[in-house]
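Thanks, everyone. Let me put the model on the screen and walk you through it.

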Amino acid sequence: MLGWALGNLPGSNPQIRRYCVLGAVLPDVDGIGFFFSPTAYDQYHHTFGHNLVAAGLFMLFMAWRCRSWTALAFGALAFGSHLATDAGLSGWPVYLFYPFSGRAFFLSHSVGLSHPINIHLIYVGYVVVIALVVVCRRTPLELISPKLDRLVVSPLRAHPNACHVCGRGSNLGCTVCGRPMCLRHTRLRVSLDTVCEECTRERA
Ligand SMILES: [Zn+2]
Ligand SMILES: [Zn+2]
Ligand SMILES: [Zn+2]
C-alpha cells in the first residue's frame with residue numbers, strides 16, 4: 001500500500017506505479033529462506049534484499065525500464081520506504097551495508113511487528129488507498145488491468161464528451177468506431193474493451 005501511495009505522487013505514470021509497488025515489496029525476497037527452514041530464514045532475512053546495494057541496483061533497473069530519471073527517484077522512495085519502515089516497525093535490524101558490513105541499523109524508538117501501531121497503519125493504508133481513488137481517480141486495479149481501472153473510476157472522472165446515442169456526458173469511447181458513449185450505452189467485451197451498441201451488433 002505504501003508503494004502504491006508513493007507511486008501516486010505527481011510525475012508518475014502507470015509503469016512507474018507498477019515498479020513502485022514492486023520496489024516496495026522486493027526487499028523481502030531475502031525472506032525466501034522461510035520456505036526452506038527456520039534457520040535459513042533467520043540467517044538471510046533482512047540481508048541481501050534489505051541493503052543499499054540492492055536499493056541502488058533496483059533504482060537503476062527501474063530508471064532503465066521506465067527510460068526516465070524521475071523513475072530513479074520513485075525507485076529510491078519505494079525501496080527506501082520498505083527499508084525505513086522495517087528499521088522502525090519490524091523489530092528486526094536492517095543490514096544496510098550488507099555484504100560489506102554486518103552493522104545493524106534500527107531507527108530510534110523502533111517497535112516490533114506485533115506493536116499495535118502496525119495494525120493502525122494498515123487501516124491508515126486503506127484510508128489512503130480510498131483517498132487516492134477520490135483525489136487521483138485511480139485504484140490499484142490499474143496494476144492488473146488499466147482498462148478495468150478506467151471503467152471503475154469512470155463515474156468519478158470528468159465527462160467532457162457527449163454520448164453519441166443519448167447526448168449525456170461521456171468519458172468512454174468505442175474502441176471500434178471511436179465515438180464517445182456514456183456508461184449506459186457501453187457494451188463490454190471479454191477483453192474489457194469498450195464497444196458501442198452498433199459495433200456490437202455489426203460484429204454479431
Ligand atoms: Zn522487509
Ligand atoms: Zn448514452
Ligand atoms: Zn462503435
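H4 passes H5 in a right-handed crossing. Keep in mind that this is a predicted model. The axes of helix H4, residues 52-66, and helix H5, residues 69-89, come within 8 Å. They cross at roughly 140°. Who makes the contact? From H4, we have Ala54, Ala55, Phe58, Met59, Leu60, Met62, Ala63 and Cys66. H5 brings in Ala71, Leu72, Phe74, Gly75, Ala76 and Phe79. By type, that contact of H4 with H5 has 13 nonpolar residues, one polar and no charged.

Next, the zinc ion, ligand 1. Its protein donors are Asp28 (OD), His50 (NE2), His82 (NE2) and Asp86 (OD), at 2.0 to 2.3 Å. The spacing in sequence reads D-x21-H-x31-H-x3-D. Distant parts of the chain are linked here: histidine 50 sits in the loop between helix H3 (38-44) and H4, histidine 82 in helix H5, 32 residues apart. Both histidine 50 and histidine 82 are buried.

Now the zinc ion, ligand 3. Cys174, Cys177, Cys196 and Cys199 each donate SG, lying 2.3 Å from the ion. This site is tetrahedral, with angles of 102 to 115°. The donors follow C-x2-C-x18-C-x2-C. Cysteine 174 is in the loop between strand S3 (172-173) and strand S4 (180-181), and cysteine 196 is in strand S6 (residues 194-196), 22 residues apart.

Note on methods
Residues are numbered from 1 along each chain as its sequence is written. Chains are lettered from A and ligands numbered from 1 in the order in which they are written. This is a predicted model: local features need pLDDT of at least 70, side-chain atom pairs count only at pLDDT 80 or more; totals for chains, interfaces and linings use all residues. Side-chain values use heavy atoms; hydrogens and water are left out. Axes are lines fitted to C-alpha atoms, for helices over the stretch in contact, and angles run from 0 to 180 degrees between N-to-C directions. Helices (H or I, at least four residues) and strands (E, at least two) are DSSP runs, numbered from the N terminus. A crossing is left-handed if the near helix is turned anticlockwise from the far one by less than a right angle, and right-handed if clockwise. Contact means heavy atoms within 4.5 Å. Ala, Val, Leu, Ile, Met, Phe, Trp, Tyr, Cys and Pro count as nonpolar, Asp, Glu, Lys and Arg as charged, and the others, Gly among them, as polar. Donors are N, O and S atoms within 2.8 Å of the metal (3.2 Å for Na, K and Ca); water is not among the atoms, so sites may look incomplete. Buried means under 20% relative accessible area, exposed over 50%, partly exposed in between (1.4 Å probe, protein chains only). Four donors count as tetrahedral if all angles lie between 85 and 135 degrees; four count as square planar and six as octahedral if opposite donors are over 155 degrees apart and all others between 65 and 115; anything else is irregular.
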